[in-house]
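Have a look at the model below, then read on.

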Amino acid sequence: MSSAATALRLVHPALEAAADYVVVEGVGKTYNEGTRQQVEAVAPTSFIVKAGEFVALLGPSGCGKSTLLMMVAGLDAPSRGTIAVNGRALTAPRAETGIMFQDPTLLPWKSALDNVLFPFRAADRGTPATDPAMMARAATLLDQVGLKGFHGHKPRQLSGGMRQRVAICRALVYEPDLLLMDEPFSALDAITRDEMNLVLMKMWEEHHRTALFVTHSIREAVYLADRVLVMSRRPGRIIEDIRIPFPRPRGLEIGESVEFNEICGHLRAKIQHVPH
Amino acid sequence: MTIDRLRPLLLPTAFGAGLILLWQALVTIFAYPKVILPAPSDIWTVLLAELPTIWQQAVPTVRDTLAGFAIAALFGVGLASLLSFSRLLRDAIYPLIIVIQLVPKIAWTPLFIVWVGIGWQSRLTVAAFIAFFPIFIAMMAGLESTDRSLVRLCRGLTASTWRTFWLVRFPASMPYLFAGLKIGITLSVIGVIVAEFISSSEGLGFLILKAAALLRTDLILAAITVLCVVGLACYGAVHAGELAIRRWQGE
């Protein structure tokens with residue numbers, strides 16, 4: 001391992017003191033277990049996300065990183081191992097987790113504002129979707145992601161990037177303690193993607209939540225995260241765990257720095273030279 | 001621009017009018033016997049002369065059609081919704097309904113008359129029975145084809161099965177439902193007419209049968225003309241409902 005990479009492993013003291021928030025222990029996923037079609041999607045994997053930490057799970061397509069995220073969301077059951085969130089064993093989706101999927105998954109017949117308020121309709125969260133305070137919160141979120149003037153628009157009338165902005169607001173509106181994101185910007189073009197990274201960064205700095213972000217883009221992972229976990233090809237397992245030292249708030253210009261590109265180079269080498 | 005928008009209406013109307021003119025011309029030129037094929041002008045004359053009688057007979061037909069359709073819609077949507085909640089019920093009942101649906105449903109008509117009598121009840125039953133299947137099957141297809149990612153979103157948001165149904169699956173199946181309702185309303189008219197053929201002393205089906213016995217071909221065609229208008233109006237009402245829902249759903 002190069003000395004640069006070793007240096008990057010220096011730990012931020014503030015994060016080191018934080019509590020363990022997501023504890024993944026020996027979690028693996030095998031489809032069609034015990035049959036001829038048996039496929040091991042995720043090899044037994046362990047990692048910890050600290051409270052308030054933004055962790056990116058980076059890996060090539062089909063390495064099982066999305067499966068791993070869905071298991072942390074409680075939407076997919078692990079074949080083995082255990083997951084605990086905020087000290088509690090995970091058995092089903094949590095009401096306090098916010099999820100962003102690869103697609104915006106908006107209700108086509110609802111306006112942007114109503115889509116943001118959907119979590120209050122879908123489940124009891126103490127306040128109804130018609131609560132003025134919640135409506136104001138949803139409207140503020142939409143304004144913050146640059147959708148002022150589009151509150152009443154239907155998803156069909158919005159661009160791909162705008163829809164994913166609505167999805168960010170929907171994931172944040174009920175103030176989740178944990179934000180899970182499954183390649184939310186992978187369907188967008190490079191320019192829109194940079195924009196969305198900025199928006200997400202701004203929102204995250206404002207609504208500081210523990211976050212787990214799955215991506216196959218090295219630059220995206222390094223730009224967004226406090227820590228990057230690298231997964232190998234299928235069956236996925238974690239082969240690298242490095243800290244990203246840039247202070248926040250981060251502008252897109254950090255992508256031009258030598259240090260940023262060194263980290264990216266190191267991660268690329270890791271992904272490419274994975275022993276199977 | 002207006003011409004472009006009216007095109008889908010103008011073109012078939014003009015073509016239809018052309019066919020009627022051709023019919024009129026052929027019947028006049030070849031002096032076809034009126035009993036076999038009356039000219040459109042003859043039908044028009046009879047229609048105007050007999051309009052009070054025809055309207056009077058149209059009322060029970062329309063009533064039974066709409067009532068049968070409403071019952072079919074209620075049961076079709078209700079049963080499909082119920083089955084969407086239980087895998088067990090669905091697997092037990094759905095294949096049976098598909099099998100029953102394969103039998104020509106008109107064949108059941110005499111049986112219904114035996115069961116519920118020769119009154120309006122049997123007409124209603126036949127109409128509802130025939131219209132039920134397309135509505136049920138369309139609703140079933142709609143509920144089963146709901147975007148899986150939306151259902152997963154609901155699960156992630158800890159939505160109950162009921163809320164997932166009411167907030168996502170049900171509204172998402174509206175396009176399917178209306179496709180079924182459109183077939184249903186058409187079949188409901190057919191059901192009522194067939195039932196009127198078999199057992200009735202009123203309705204357009206009865207009028208057609210009576211006119212046939214008297215070899216009043218012109219009256220039969222006049223009654224069929226009114227039936228066309230009735231069917232079109234019913235279909236139009238369902239279509240209007242669909243447009244309203246679509247507008248509400250923001251399409």
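## Around A:P235

Setting aside neighbours within four places in sequence, A:P235 is in contact with A:E40, A:A41, A:V42, A:A43 and A:G64 (contact means that the C-beta atoms, placed from the backbone, lie within 7 Å). A:P235 sits in the loop between β9 and β10 (238-243) of chain A. Helices here are DSSP runs of H or I with at least four residues, strands are E runs of at least two, and both are numbered from the N terminus.

Is A:P235 buried, exposed or partly exposed? A:P235 has 19 C-beta neighbours inside 10 Å, so it counts as partly exposed. The cut-offs are 20 or more other C-beta atoms within 10 Å for buried, 12 or fewer for exposed, and anything in between for partly exposed, with C-beta atoms placed from the backbone.

## What kind of model this is

This is a predicted model, where local features need pLDDT of at least 70, side-chain atom pairs count only at pLDDT 80 or more, and totals for chains, interfaces and linings use all residues. Residues are numbered from 1 along each chain as its sequence is written, while chains are lettered from A and ligands numbered from 1 in the order in which they are written.

Strand β3 (residues 54-58) of chain A is mostly covered, with 5 of its 5 residues buried. A:F54, A:A56 and A:L58 point one way from β3(A), A:V55 and A:L57 point the other way, and all are buried.

On the pairing side (two strands pair if DSSP finds at least two bridges between them), β3(A) runs parallel to strand β8 (residues 210-215) of chain A over 5 bridges. Strand β9 (residues 227-231) of chain A is also parallel to β3(A), joined by 4 bridges. A:V55 turns up in both pairings: its bridge partner in β8(A) is A:L212, and in β9(A) it stands opposite A:R227.

## The antiparallel sheet

Strands of a sheet pair through backbone hydrogen bonds, either parallel or antiparallel. Chain A has an open sheet of 4 strands in the order β2-β1-β4-β5, with antiparallel pairing. β2 (39-50) and β5 (88-89) of chain A stand at the edges with a single partner strand each, so one side of each has no neighbour in the sheet.

Inside that order, strand β1 (residues 20-31) of chain A and strand β4 (residues 80-85) of chain A run antiparallel and are joined by 5 bridges. A:G28 stands opposite A:R80 in β4(A).

## Helix α9 of chain A

Helix α9 (residues 258-272) of chain A has 15 residues and reaches 21 Å from its first C-alpha to its last. That is close to the 21 Å expected at 1.5 Å a residue, taking the expected span as 1.5 Å times one less than the number of residues.

Which residues of α9(A) are buried? They are A:I263, A:H266 and A:L267. Seen down the axis of α9(A), these buried residues fall within an arc of 95 degrees, so they line one face of the helix; the arc is that of the directions from the helix axis to the C-beta atoms. On the other side of α9(A), A:V258 and A:Q272 are exposed.

## Two domains in chain A

The domain assignment gives chain A domain 1 (3-96 + 178-272) and domain 2 (106-175); such bounds come from an automatic or database assignment. The C-alpha centres of these two domains of chain A lie 26 Å apart.

Each side of the contact is listed with its own count: 13 residues from domain 1 of chain A and 13 residues from domain 2 of chain A. Helix α7 (residues 190-206) of chain A gives the most to the domain 1 side, with 6 residues. By class, that domain 1 side has 10 nonpolar, 2 polar and 1 charged residues. Here Ala, Val, Leu, Ile, Met, Phe, Trp, Tyr, Cys and Pro count as nonpolar, Asp, Glu, Lys and Arg as charged, and the others, Gly among them, as polar.

Chain B has 11 helices and 0 strands. Its C-alpha trace spans about 75 × 55 × 30 Å along the principal axes, and 33% of the 251 residues of chain B count as buried.

Where the chains touch, 16 residues of chain B are in contact with 15 residues of chain A. On the chain B side, α7 (148-156) and α8 (161-172) of chain B are the elements that give two or more residues, and α7(B) gives the most, with 7 residues. The chain B side divides into 8 nonpolar, 5 polar and 3 charged residues.

Key
Two residues are in contact if their C-beta atoms, placed from the backbone, lie within 7 Å.
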